[in-house]
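Please look through the sequence and the model below before reading on, and keep both in view while you follow the paragraphs.

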Amino acid sequence: LGVVLLAGSAAAWGQIATLTYANPVAGFSLEVPDDWEMASAVLGSLLVGLDAEQSSGAPWGAPLLWFFYSKQTPEATATTLADAFRQLHGVTVQPRATGQAGEWELLFTSSSSRGDFRQRWLCRVQDGRSYVIGAVTPGAIVAVAQPEVDRALATCKLIPRPPLKRFREPRENAYTMVLPRDWTWEGQVFRSEMVPGYFTWKVQSP
């Protein structure tokens with residue numbers, strides 16, 4: 001459950017304090033610079049996205065951080081990711097054990113029309129649950145941003161999650177979302193001559 005996109009300002013890396021960001025719905029926490037702004041992304045009903053404003057305005061001027069669970073062991077997950085990256089980026093990357101219990105790492109550089117990117121992915125297990133925390137850092141800011149990115153990766157851990165429920169929009173079955181079990185929902189599907197349809201909704205915790 002969950003993919004995280006996390007972007008931070010590249011202007012003052014390493015010069016600010018950190019704080020612990022906790023997402024109890026996704027079930028993880030990590031330490032990030034306190035000027036990284038976290039918010040939900042729109043990647044699908046099972047994806048938890050975090051993304052921050054980029055003060056430079058450049059779409060690839062900040063690191064991206066990804067988080068998700070896996071049903072495989074960390075070693076098997078790392079092998080699966082390596083195969084995927086080989087097909088996606090055309091790079092051959094060899095998974096390696098980091099020396100931390102049950103942790104496997106993928107580290108490589110990928111290239112695209114937007115430039116080079118340093119990619120680091122850590123496959124882990126905690127309390128019997130496998131998960132992945134990974135970072136994609138633009139090559140132009142690796143020297144200044146990577147220490148903060150590596151800190152975020154190193155400090156990521158699973159935390160307790162509340163009981164969750166899958167909610168389905170009741171009027172038209174138009175969408176689903178995952179909510180804590182005791183949250184309430186209200187909303188509608190709005191249409192007009194200019195707008196074929198969009199969702200308006202509000203969820204509220206106790």
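The paragraphs that follow go from the whole chain to its sheets, its helices and some of its aromatic rings.

This is a predicted model, in which local features need pLDDT of at least 70 and side-chain atom pairs count only at pLDDT 80 or more, whereas totals for chains, interfaces and linings use all residues. Residues are numbered from 1 along each chain as its sequence is written, and side-chain values use heavy atoms, with hydrogens and water left out.

The secondary structure of the protein comes to two helices and 12 strands, where helices (H or I, at least four residues) and strands (E, at least two) are DSSP runs, numbered from the N terminus. Read from the N terminus on, the elements follow the order β-β-β-α-β-β-β-β-α-β-β-β-β-β. Of the 206 residues in the protein, 38% are buried; here buried means under 20% relative accessible area, exposed means over 50%, and partly exposed lies in between, with a 1.4 Å probe and protein chains only. Contact means heavy atoms within 4.5 Å, and among contacts between residues at least 6 apart in sequence, 50% join residues at least 24 apart.

How are the strands arranged in the sheet that contains β3 and β4? Five strands form an open sheet in the order β3-β7-β6-β5-β4, and the pairing is antiparallel; two strands pair if DSSP finds at least two bridges between them. At the edges stand β3 and β4, each with a single partner strand, so one side of each is left without a neighbour in the sheet. Helix α1 (residues 74-89) packs on this sheet, touching β3, β5, β6 and β7 (129-138), and its direction makes about 10° with that of β5. For such angles, axes are lines fitted to C-alpha atoms, for helices over the stretch in contact, and the angles run from 0 to 180 degrees between N-to-C directions.

Within this sheet, strand β5 (residues 104-112) can be followed to its partners. Two bridges join β5 to strand β4 (residues 96-97), and these strands run antiparallel; Ala97 has Trp104 in β5 as its bridge partner. The hairpin of β4 and β5 has six residues between the strands, and in this hairpin Gly99 takes a positive phi near 100°. With strand β6 (residues 115-126), β5 pairs in the antiparallel sense over nine bridges, and the hairpin that β5 and β6 form has two residues between them. In that pairing Leu107 has Arg120 in β6 as its bridge partner, while Thr109 stands opposite Arg118 in β6.

Another open sheet is formed by three strands in the order β1-β2-β8, again with antiparallel pairing. Its edges are β1 (18-23) and β8 (157-158), each with a single partner strand, so one side of each is left without a neighbour in the sheet. Strand β2 (residues 28-33) pairs with β8 over two bridges, and Ser29 stands opposite Lys157 in β8. Helix α2 (residues 142-155) packs on this sheet, touching β1, β2 and β8, and its direction makes about 160° with that of β2. Helix α2 also lies across β3, β6 and β7, running at about 170° to β7.

A search of the whole structure finds nine aromatic pairs; rings of Phe, Tyr and Trp (its six-membered ring) pair if their centres lie within 6.5 Å, and planes under 30 degrees apart count as stacked, over 60 as edge-to-face and the rest as tilted. The rings of Phe28 and Phe67 have centres 4.3 Å apart and planes at 25°, so this pair is stacked. Phe28 lies in strand β2 and Phe67 in strand β3 (residues 64-70), so the pair ties together parts that are 39 residues apart in sequence. Both Phe28 and Phe67 are buried. Ring pairs link Tyr21, Phe28, Phe67, Tyr69 and Tyr131 into a cluster.

Which kind of pair do the rings of Tyr175 and Phe199 form? Their centres are 4.3 Å apart and their planes stand at 45°, so the pair is tilted. Tyr175 counts as buried at 11% relative accessibility, whereas Phe199 counts as partly exposed at 41%. Tyr175 is also among the residues that Phe167 touches, not counting residues up to four places away in sequence. Phe167 lies in strand β9 (residues 164-168) and is buried, with a relative accessible area of 16%.
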